[in-house]
Number of protein chains: 2
Amino acid sequence: MATRNRQWRLKRHPDPGEMMNRDLVAWGEGHIEEVPRGGILVRTHCLATSPAQFGYMKPGPGLFEKIHIGDVIRARGIGQVMESRTPDFSVGDIVTGSLGWQDYTCLHPESAGQSIKTVQKEPHAISPLHVTLGTLGVDGYTAYCELINVAKPKKGDTLLVTAAAGGIGSLVGQVGRILGCCVIGIAGTDEKCAWICDDLGFDAAINYKTEDIDVRLAQLAPQGIDVFFDNVGGEIMNTALAHIALHARVIICGWISTDYKEGPIPGPSNYTHLLLKRASMIGTIVWDHIEDWPDASRHLRQWVKDGVLIPTEDITEGLENAPDALASLFTGGNRGNKIIRVAPDPEGLGIL
Amino acid sequence: MATRNRQWRLKRHPDPGEMMNRDLVAWGEGHIEEVPRGGILVRTHCLATSPAQFGYMKPGPGLFEKIHIGDVIRARGIGQVMESRTPDFSVGDIVTGSLGWQDYTCLHPESAGQSIKTVQKEPHAISPLHVTLGTLGVDGYTAYCELINVAKPKKGDTLLVTAAAGGIGSLVGQVGRILGCCVIGIAGTDEKCAWICDDLGFDAAINYKTEDIDVRLAQLAPQGIDVFFDNVGGEIMNTALAHIALHARVIICGWISTDYKEGPIPGPSNYTHLLLKRASMIGTIVWDHIEDWPDASRHLRQWVKDGVLIPTEDITEGLENAPDALASLFTGGNRGNKIIRVAPDPEGLGIL
């Protein structure tokens with residue numbers, strides 16, 4: 001049994017306007033906690049990244065609990081149970097949940113430490129595990145639940161997705177395509193634009209760094225955008241709002257373009273189009289749709305099996321590179337779902 | 001039979017930033033059109049006002065058809081059929097619809113002129129007619145349909161209404177109170193704040209000119225705002241967004257505070273709270289809910305009859321004062337539903 005537990009802990013909160021970088025976190029080794037009665041020890045195999053994680057490091061209001069100085073950086077991950085002192089889990093079980101930037105996480109039965117309630121068994125886990133964590137996990141559920149159950153696109157609808165080459169965007173666009181939408185993605189490089197069109201089947205892409213979004217949307221969506229799935233906020237979101245169609249649904253999933261901005265961010269003055277077009281702007285998170293996850297899981301697995309949904313994980317090798325992996329989300333360095341591989345997949349996993 | 005038809009016509013479009021004023025319109029007399037086969041002639045008794053009317057006078061995109069230079073100013077009104085060449089209407093019928101700032105409006109069967117399809121019979125019209133036009137008309141329908149059917153408040157919800165002493169706001173707040181909401185109104189004078197609390201039964205009021213809205217909302221709605229019915233936009237709306245509760249519904253009814261602003265208006269940077277609170281912002285107009293008007297009408301009449309809904313019409317006497325009546329909406333000069341009385345009520349009307 002290993003005793004080495006490499007960890008990244010929060011060294012300091014980011015200054016206003018400071019981007020994610022290695023100086024915010026400290027690398028070191030911690031002990032592996034003794035598993036209490038009712039608890040389990042999980043070995044981390046893969047860790048997901050999310051712009052929200054950087055939000056946890058910042059002080060101020062937020063959706064989820066903050067990370068305090070000295071804490072291990074919280075992260076959703078997939079791992080294997082190494083030790084169990086509860087009948088609910090067996091050694092060898094694959095679990096997903098809140099693990100953190102470390103090799104081993106001890107999950108406690110009560111609020112004394114990290115709660116076992118934050119992890120769940122993955123009886124259908126397949127190799128490679130990063131697909132189970134990403135496309136077939138919370139990122140896939142986000143795309144499925146927020147697009148299908150909240151935005152309710154119809155066949156033939158025009159769907160606009162921002163950060164379209166990102167983890168969520170690359171899945172949202174594909175789900176929209178599977179539903180029969182005309183899918184337009186906005187991304188930041190020609191290479192990403194080509195990828196989402198050629199490999200992922202988007203109908204069109206706009207490079208926001210080199211093209212005029214307003215002009216391009218007028219060309220690509222002359223009848224307007226029926227569903228606008230926004231991950232970026234800021235000026236791109238505001239421009240797109242001027243192109244919504246009657247009864248459009250705008251999903252607010254995030255605002256990565258303004259996450260680093262100091263002080264008040266510019267608001268979308270084109271919110272007035274919500275009235276002009278009798279449209280809705282809806283904030284929703286995947287955790288509000290847990291009852292729909294089994295349904296999402298079935299569909300996502302089938303689509304991947306059928307080859308119509310392409311998993312979009314983008315792997316960074318090694319826990320030691322976790323800070324760079326997270327930072328890449330904010331610099332556009334990722335292509336798809338940025339996952340940190342901490343350890344190779346265990347033997348004996350199923351395949352789809 | 002009268003032959004005199006006093007009229008206000010559009011003289012010029014407002015300049016950017018120009019407020020509503022008499023110089024935009026020209027007073028004169030026109031002839032009374034000969035009623036074509038299939039048409040009717042309606043004598044105007046009362047005219048409603050709406051911030052949207054001023055929008056029609058401005059060039060650029062908008063929800064409804066624009067008013068062109070030389071056109072009679074379009075306005076929703078209530079009047080009596082003086083002449084009919086269609087079996088659908090009889091002389092003496094009371095009708096509401098698009099009449100205009102004039103004594104007599106000829107309604108045509110086809111698109112050759114103002115269409116008869118824009119007016120409807122009011123078989124339940126009561127005296128005073130301004131109540132039929134306002135509280136029991138489209139303004140009441142707006143409050144009823146947009147609050148009850150779109151925002152869906154529950155008993156005990158906290159409802160925030162802006163422009164609370166305005167035509168729509170004064171009715172929305174009362175309907176909320178009837179439904180058992182805790183109703184907070186924002187208005188621009190202490191006198192209006194006292195009126196909505198003392199006479200209309202709002203639970204609390206905030207004078208946005210003398211009080212800190214952020215501080216007051218924290219005091220008055222510590223659990224957050226469940227339904228936010230916004231008529232004003234701008235900074236007030238943005239401040240209020242920071243106080244929404246989990247799963248709040250924000251109704252966008254208008255943005256009178258920025259209607260005069262030149263260039264891009266500031267957007268609500270606090271739209272991010274829609275995600276933090278998994279809330280919705282919904283643009284809706286009363287014309288999208290026509291199928292619910294009969295239901296709204298029944299309830300509104302009963303509430304007025306029971307004395308729990310106080311009609312809030314604020315009468316300006318005389319067609320000659322129509323421009324000032326409209327301008328008063330933008331300067332806060334009205335208290336309730338600003339109606340222009342063009343002619344006294346006809347004899348023989350029912351009462352509630």
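Visitor: At what angle do helix H3 and helix H9 of chain A pack, and how far apart are their axes?

Guide: The model is a predicted one. In chain A, helix H3 covers residues 138–151 and helix H9 covers residues 293–306. The two helices pack at an angle of about 105°, and their axes are 9 Å apart. Angles of 65 to 115 degrees count as roughly perpendicular, and H3(A) and H9(A) are therefore roughly perpendicular to each other. On the side of H3(A), the residues that meet the other helix are A:Gly140, A:Tyr141, A:Tyr144 and A:Cys145; their partners in H9(A) are A:Trp293, A:Ala296, A:His299 and A:Leu300.

As to confidence, chain A has a mean pLDDT of 94, with 98% of its residues at 70 or more. For the complex, the predictor gives an ipTM of 0.91 and a pTM of 0.92.

The setting of this part may also be described. Of the contact residues of chain A, 100% recur in chain B, so that the same surface serves both copies.

Finally, the largest nonpolar core has 165 residues, and A:Leu47, A:Phe229 and B:Phe229 have the most contacts inside it. A second, separate core has 40 residues, among them B:Met57 and B:Val342.

Notes: Residues are numbered from 1 along each chain as its sequence is written. Chains are lettered from A and ligands numbered from 1 in the order in which they are written. This is a predicted model: local features need pLDDT of at least 70, side-chain atom pairs count only at pLDDT 80 or more; totals for chains, interfaces and linings use all residues. A nonpolar core is a set of buried Ala, Val, Leu, Ile, Met, Phe, Trp, Tyr and Cys residues joined through C-beta atoms within 7 Å. A residue is buried if 20 or more other C-beta atoms lie within 10 Å of its own, exposed if 12 or fewer, and partly exposed in between; C-beta atoms are placed from the backbone. Two residues are in contact if their C-beta atoms, placed from the backbone, lie within 7 Å. pLDDT is the predictor's confidence in each residue, from 0 to 100. Axes are lines fitted to C-alpha atoms, for helices over the stretch in contact, and angles run from 0 to 180 degrees between N-to-C directions. Helices (H or I, at least four residues) and strands (E, at least two) are DSSP runs, numbered from the N terminus. Angles under 35 degrees count as roughly parallel, over 145 as roughly antiparallel, 65 to 115 as roughly perpendicular and the rest as oblique.
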